[in-house]
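Here is a short briefing to read alongside the model. Have the viewer open and follow along.

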Amino acid sequence: MSHADAPAAHPVPVSELVTGIARDWPSDRLTLGDLMQALGARGYGVLIVLFALPNLLPIYIPGLSPIFGVPLLIICAQLAYGLPSPKLPTMLTRRSMRRSDLRLIAAKSLPWLQRVERFVKPRPSWLTSRTGERMMGAYGVVLAAIVCIPLPFTNGPPSLACMIMAIGLMEEDTRTILAGALFGVFSMFVGLSIIGSVGWMLAAGFAWLFGLS
């Protein structure tokens, strides 16, 4: 992102970066730590995109959302706090995935990333300042918390919102940031509606089971 990242933090588009890692990784498995090391000093923006992408798959994979949602939440929290560079706990950096899974994630979710990149260009404002970045980080924490809840259809929309805002901050594009923020409002409404409905059904089920109603 513009201030939290190093200058010229992404010499190639993020879409090309993710595709290259998925295509050229030398071993059958890679850890989150490996991915962060491969990204180098690219800062918050690319990591937010990286952890958001898996949740854009058009299919629901049980257990996938917390694996990437928790790091997404931590990275957004660190951005909101104002840390100069992102870090993850060792227990998370040691989590691994198959290279074939990363290739699947790249192939299925990359069209979303490329659509956003196509319309992005520098349009700076106070939203692209350090204060704006921290505000977007705090907003990202709320969205990532929804992503972490392992229910169908609750992880994709907030992940997409985080990804759009991250690309906007990396490119200092106010319009893209606002588009991501507005989509985040919609995704929170959808996610909280699903979570509330499931919670209500579980409560009703327990009440019926134990004769409380």
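Contact here means heavy atoms within 4.5 Å. Helices (H or I, at least four residues) are DSSP runs, numbered from the N terminus. This is a predicted model, where local features need pLDDT of at least 70, side-chain atom pairs count only at pLDDT 80 or more, and totals for chains, interfaces and linings use all residues. Residues are numbered from 1 along each chain as its sequence is written, and side-chain values use heavy atoms, with hydrogens and water left out.

**Helices H7 and H9**

- Met136, Tyr139, Val142, Leu143 and Ile146 of H7 touch residues of H9, including Ile177, Ala181, Gly184, Val185 and Ser187.
- The axes of H7 (residues 130-147) and H9 (residues 174-209) come within 10 Å and cross at roughly 30°, the axes being lines fitted to C-alpha atoms over the stretch in contact, with angles from 0 to 180 degrees between N-to-C directions.
- That angle makes H7 roughly parallel to H9 (under 35 degrees).

**Cysteines**

- Zero disulfides turn up in a search of the whole structure (a disulfide is a pair of cysteine sulfur atoms within 2.5 Å).
- For cysteine 148, the closest cysteine sulfur is in cysteine 76, 9.9 Å away and too far for a bond.
- For cysteine 162, the closest cysteine sulfur is also in cysteine 76, at 4.8 Å, too far for a bond.
- Cysteine 148 is buried at 17% relative accessible area (buried means under 20%, with a 1.4 Å probe and protein chains only), and cysteine 162 is buried at 3%.

Note on methods:
Helix = DSSP H or I, 4+ residues; strand = E, 2+ residues; numbered from the N terminus. Parallel < 35°, antiparallel > 145°, perpendicular 65-115°, else oblique. Buried < 20%, exposed > 50% of the residue type's maximum accessible area, 1.4 Å probe, protein only.
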